[in-house]
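Please look over the sequence and the model before reading on.

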Amino acid sequence: MLSLIRQIEPELISLRRTIHMYPETGWMEMRTSAILADRLTRLGYRVLTGREAVAPGMRMGMPDDEALEKHAQDVLSQPGTPVHALTDDMRLGMTGVIGILDCGPGPVVALRFDIDALPMQEREDDGHRPHREGFDSRNRGWMHACGHDGHAAIGIGVAEVLMKYRDRLHGQVRLIFQPAEEGARGARAVVGAGHLDGVDYFIGSHIAPDDTLDDGDVTCGTWGSLATTKMDVVFQGLAAHAGGYPEKGKNALLAAASAVLALHAIPRHSGGQSRVNVGSLHAGGGRNVVPDQAEMQLEVRGETTEINAYMAQQARNICTGAAQMQDVTCSIRVVGEAESQHSDPGLISRIGDVVRRDLPFLTLSSEQNARNWGSEDISIMMNHVQAQGGQATYMRVMTRLAGAQHTVGFDFDESVLAKSVSVFCAAVLDLMKETQA
Ligand SMILES: [Zn+2]
């Protein structure tokens, strides 16, 4: 297996780079989905895309139709787009791809790879390797700054290796290429399409920074990522002349402003950590006009799903209460959500044993590395699997980074691609070596 992975490594790097050159934000991963669907089909997988991959009505934080249409047009002329694999559903924002490999009776093993980019402009100077080597973003204003280009390539590497070793597998492999992870918008729609039903083992992974690699190569399971709810809030009032008839106006800016202050004063929860952030507020039009509209983007988080639910409910009460104070209306749209998550100790230690036995050149990280303070919508998939009696884990594979995640100078050491493929494949070969889960 390791010699095969070494053999396909250059191909994984080049796939990562072509995806890096054309990054696509959540629900816009049209070219990316077409590439993945095309590769999986050619490898011999049963491939589900469009509304078979994601439940259309459960997609959160959708771009508007105009943006989807424009991008759908753009991808047609981009180099490397396999136009024959680009479906109408993909072009309507039903992105994401599922690859299925049936190997008779045995456990169902699902692996998740997220594929979306971020709305940021990549660094354009020779200090930044993707620019220097000519594979920086051609989609202005979008960038793979979290490594999901790498995750997509890792998924294809895993697909290739498992197909070669399918005679040794018992059960079903489901490779889930998930759209719209950023903003926690996509997982719910994949779960809604049924792809986490009946899963016995579920594994996800993120490439993670460790510049010295002195704390090992792999963390086989993480825990504690924060549950979160992201909301867009619009306050709608009535404009009026601020000098002539101020009493006739309904002030949306004032409603939003009182909401912001109250949101940041939500009482702490005795059960654990919580967070709140109003990240943007735009209101009003002109100096002498009573502002009739205000738009706010906010998020709350909690150490547990319950604490987050408390924060989200408080946030709703505050926004509607502040609206009432000014006699304006308030509409709240949930545009993203994640739950808290815990990897299963049994699966963590099983994968740890596999790494020690089959990949002795890799070292396992210490326990401290397993704490997670971000939010990740893989939690929704993990909890779904665990609620049905399956086991789930969210791993980290360490690599050297240039620039922090979600910054414009982000890049990673591409040797992490082959390293991740080897961990995933060794784990799957072990989990599916017998017909019993
Ligand atoms: Zn990420």
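Which elements do the buried residues of α8 pack against? They pack against β7 (227-236), β8 (274-283), β9 (293-302) and α9 (305-325).

## Basis of the report

The model is predicted: local features need pLDDT of at least 70, side-chain atom pairs count only at pLDDT 80 or more, and totals for chains, interfaces and linings use all residues. Residues are numbered from 1 along each chain as its sequence is written. Helices (H or I, at least four residues) and strands (E, at least two) are DSSP runs, numbered from the N terminus.

## Domains

The domain assignment, taken from an automatic or database source, gives domain 1 (2-225 + 341-431) and domain 2 (227-338). Their C-alpha centres lie 34 Å apart. Domain 1 gives 10 residues to the contact and domain 2 gives 8 residues, where contact requires C-beta atoms, placed from the backbone, to lie within 7 Å.

On the side of domain 1 that touches domain 2 there are 3 nonpolar, 4 polar and 3 charged residues. Here Ala, Val, Leu, Ile, Met, Phe, Trp, Tyr, Cys and Pro count as nonpolar, Asp, Glu, Lys and Arg as charged, and the others, Gly among them, as polar.

Helix α8 (residues 252-263) has 12 residues, which at 1.5 Å a residue should span 16 Å; its end C-alpha atoms are 16 Å apart, which agrees. The expected span is 1.5 Å times one less than the number of residues. Its buried residues (20 or more other C-beta atoms within 10 Å; exposed means 12 or fewer, partly exposed in between; C-beta atoms placed from the backbone) are Ala252, Leu253, Leu254, Ala255, Ala256, Ala259 and Leu263.

Helix α12 (residues 415-431) reaches 25 Å from its first C-alpha to its last, close to the expected 24 Å. Of its 17 residues, 13 are buried, so α12 is largely enclosed by the rest of the structure.

## Helices α2 and α6

The axes of helix α2 (residues 30-43) and helix α6 (residues 148-164) come within 10 Å and cross at roughly 10°. Axes are lines fitted to C-alpha atoms, for helices over the stretch in contact, with angles from 0 to 180 degrees between N-to-C directions. The two helices are therefore roughly parallel to each other, a term for angles under 35 degrees. Thr32, Leu36, Arg39, Leu40 and Leu43 in α2 meet Ala152, Ile156, Ala159, Glu160 and Met163 in α6. By class, this contact has 7 nonpolar, 1 polar and 2 charged residues.

## Asp38

Asp38 is found in helix α2. With 18 other C-beta atoms within 10 Å, Asp38 is partly exposed. Leaving aside residues up to four places away in sequence, Asp38 touches Pro82 and Ala85. Ala85 is 47 residues from Asp38 along the chain, and their C-alpha atoms are separated by 5.8 Å.

Terms used:
Two residues are in contact if their C-beta atoms, placed from the backbone, lie within 7 Å. Angles under 35 degrees count as roughly parallel, over 145 as roughly antiparallel, 65 to 115 as roughly perpendicular and the rest as oblique.
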